[in-house]
Amino acid sequence: YGGRVTDDFDFRLVRTYVKNFFVDEAITSEAFQLAPPLDTYRIPDDGPVRTYTDFIKGFPVLDDPRAFGQHPNADIAAQIADTNILLDTLSSLQPASSGAGGSDGDEKVLRLADDLAEQIPSKLDLEAVKKSKADDPSALHVFLFQEIERYNKLLLFISRSLSDVKKGIKGFVVMSSELDEVVSCLTSGKVPPAWGSCFPSLKPLASWMRDLGMRVTNLREWGEGDYPSAYWLSGFSYPTGFLTAILQTAARASSVSVDVLSWEFTVLAQEVKELTTPPKEGAYIHGMFLEGCGWDMDGMCLVDQKPMELIVGMPVVHFKPVESKKKATKGIYSCPCYMYPVRTGSRERPSYTISVDLRAGAYEPDHWIKRGAALLLSLAT
């Protein structure tokens, strides 16, 4: 019907299925398999209508993931998602605990608010960072200033939000619907929606606070030091802004228009701690994850996942700006990179960041398209 085709990657998947099904063999060969090696899904033998209806009734109630070209691990991921929805629904049906000031519920929220307030990192000194970087007005430093400003606003907002919650519970201010929502999220271990304006995430509250601390530390180290040898792309609120800054820096150095530049990707064998200096061109990127596939460090290419292994860490990748040229597509999978597991993102913040060219290994790129292989900057845990 077309309702599921919402972006270029959906269209790419549909084209892949069409290319597999609309072939001469589907007509000329007997019992053409639509999803090899599964014999269940094939073109039935000729016969009366009854032959076809009986054949359709023989399909399993629950389809095997391999029928769509996916790994059996996709079944596990779907079951985990269904279970999370069920648990969230059951949790939402529980009666909200309410009571007079000093009740166990209120005391618990007060303690939690105090603990979270202590975990909030100190603000970044934007003026000091601007002063220290004044001699180098590069696009990367402009991006750094913007990131610091965004995270400082978030830290201030969280601090005020927790302070208002404590005042509301003690009766010093009126508990608004916004504060009620914050209290509800804190008691259920979720991140209040208002706190997620800086960067999208599916992490629970405890993991989210740790992640926030790491993001602020990452910016603080860059602000107090020189250019990092490798960048943690996941730690930025706008990864696309960082990549644009890299292109602008390369364009100025080469005296060319940024529009004529594209990306060249090289996966490195070294770990992050072994990289002591940044590359001459572009940037080393670390902290990405592979979903729907694995990575072979020996062959430096994509491989199938191991059973029960849903997520795999991606090695360091060198993002190098080069003048646009015709790319080799044979044996190369254009792997989409998303900010977090919700690939569609939201209306305000798309999740898609960039497509990274990776070697397809022993399979054709179509294999990974049907697998739904992608890079993630952030996980749900």
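The following dialogue explains how to read several features of a predicted model.

Q: On what basis are the features of this model reported?
A: Because the model is predicted, local features need pLDDT of at least 70 and side-chain atom pairs count only at pLDDT 80 or more, while totals for chains, interfaces and linings use all residues. Residues are numbered from 1 along each chain as its sequence is written, and side-chain values use heavy atoms, with hydrogens and water left out.

Q: How is a pair of aromatic rings described, and how many aromatic pairs are counted here?
A: A pair is described by the distance of the ring centres and the angle of the planes. Rings of Phe, Tyr and Trp (its six-membered ring) pair if their centres lie within 6.5 Å; planes under 30 degrees apart are stacked, over 60 edge-to-face, and the rest tilted. The count by this rule is 17 aromatic pairs. In one of them, the centres of tyrosine 231 and phenylalanine 242 are 4.7 Å apart with the planes at 50°, so this pair is tilted.

Q: Which parts of the chain does the pair of tyrosine 231 and phenylalanine 242 tie together?
A: Helices (H or I, at least four residues) and strands (E, at least two) are DSSP runs numbered from the N terminus. Tyrosine 231 belongs to strand β3 (residues 231-232) and phenylalanine 242 to helix α10 (residues 239-254), so the pair joins parts that are 11 residues apart in sequence.

Q: Is tyrosine 231 buried or exposed?
A: Buried means under 20% relative accessible area, exposed over 50%, and partly exposed in between (1.4 Å probe, protein chains only). Tyrosine 231 is buried, at 5% relative accessibility, and phenylalanine 242 is buried with a relative accessible area of 0%.

Q: What form does the aromatic pair of tyrosine 338 and tyrosine 352 take?
A: The pair is edge-to-face, with 6.1 Å from centre to centre and 65° between the planes. Tyrosine 338 in strand β11 (residues 332-338) and tyrosine 352 in strand β12 (residues 352-359) are 14 residues apart. Tyrosine 338 is buried, at 4%, whereas tyrosine 352 is partly exposed, at 34%.

Q: Which residues form one aromatic cluster?
A: Phe143, Trp222, Tyr231, Phe236 and Phe242 form it.

Q: Where does the charged end of arginine 215 sit?
A: A charge sits over a ring if NZ of Lys or CZ of Arg is within 6 Å of the ring centre and within 35 degrees of the ring normal. The charged end of arginine 215 is over the ring of phenylalanine 199, 3.7 Å from its centre. Likewise, the charged end of arginine 349 lies over the ring of tyrosine 238, 4.0 Å from its centre.
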